[in-house]
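Let's take a walk through this one together. Have the structure open and follow along.

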Amino acid sequence: MVAQSSEHPTVFNIKEISKILPHRYPFLLVDRVIQLDLENNYIIGLKCLTINEQFFQGHFPNAPIMPGVLILEALAQVGGILIHEKGYKDKTAVLLNVNQAKFRRPVLPGDVLYLHAQGIHFGSRGGKVQARAFVNDQLAAEAEIGFALREKDQI
């Protein structure tokens, strides 16, 4: 596991991520990629959360927490970047399934969400990653996420 600090070098910035993922505000949930190890099928991305995130306005206004489904989406997006970099640049990874999802702690405004994805399987039709989200070295959520690969013009 990587030490959690803002001093990590940037592998992909938001402009580069926007070239890989089809998502846009408010659903682009990866701000930066700080580690990418293609030999070991591993990636770490960041999402820096502020009170200005749209979802905090209604979930829950007096005690804002990041919705679990959006944590899973952020994990899926970092997994999609990994799949792209593993050689599937002409395709887009779309969410196929989420298995064994567990939420361990709330994610709050001001938190930095570290998004870890370890590739389990990659193939021409899709892939699977084991994904974990951390805040301050504490596990916030984890899941096994499956993807289908689609031609970019089909999205």
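What you see is a predicted model, where local features need pLDDT of at least 70, side-chain atom pairs count only at pLDDT 80 or more, and totals for chains, interfaces and linings use all residues. Residues are numbered from 1 along each chain as its sequence is written, and side-chain values use heavy atoms, with hydrogens and water left out.

Start at His59, which an unreviewed UniProt entry lists under "active site"; UniProt positions follow the numbering used here, feature names are shortened, and such annotations may be inferred rather than shown by experiment. His59 sits in the loop between strand 2 (42–48) and helix 2 (68–85). Helices (H or I, at least four residues) and strands (E, at least two) are DSSP runs, numbered from the N terminus. With a relative accessible area of 23%, His59 is partly exposed; buried means under 20%, exposed over 50%, and partly exposed in between, using a 1.4 Å probe and protein chains only. Setting aside neighbours within four places in sequence, His59 is in contact with Pro64, Ile65, Met66 and Pro67 (contact means heavy atoms within 4.5 Å).

Now step back to strand 2. Strand 1 (residues 32–37) pairs with strand 2 in the antiparallel sense over five bridges, where pairing takes at least two DSSP bridges between the strands. Val33 stands opposite Gly45 in strand 2. Four residues lie between the two strands of this hairpin, and Asn41 takes a positive phi near 55° there. Gly45 also leads you to Tyr114: their C-alpha atoms are separated by 5.9 Å, although the residues are 69 apart along the chain. Tyr114 lies in strand 4 (residues 112–122) and is buried, with a relative accessible area of 5%.

Of its 18 residues, 15 are buried, so helix 2 is largely enclosed by the rest of the structure. After helix 2 comes Gly87, with a positive phi near 115°.

Finally, which element gives the most to the lining of the largest pocket? Helix 2 does, with six residues. The lining has 20 residues, and Leu21, His23, Thr92, Ala93 and Val94 lie nearest the pocket's centre. A pocket, on a 1 Å grid over the protein atoms alone, is an open set of points where a 1.4 Å probe fits, with protein on both sides within 12 Å along at least five of seven lines; lining residues have an atom within 4 Å of a point.
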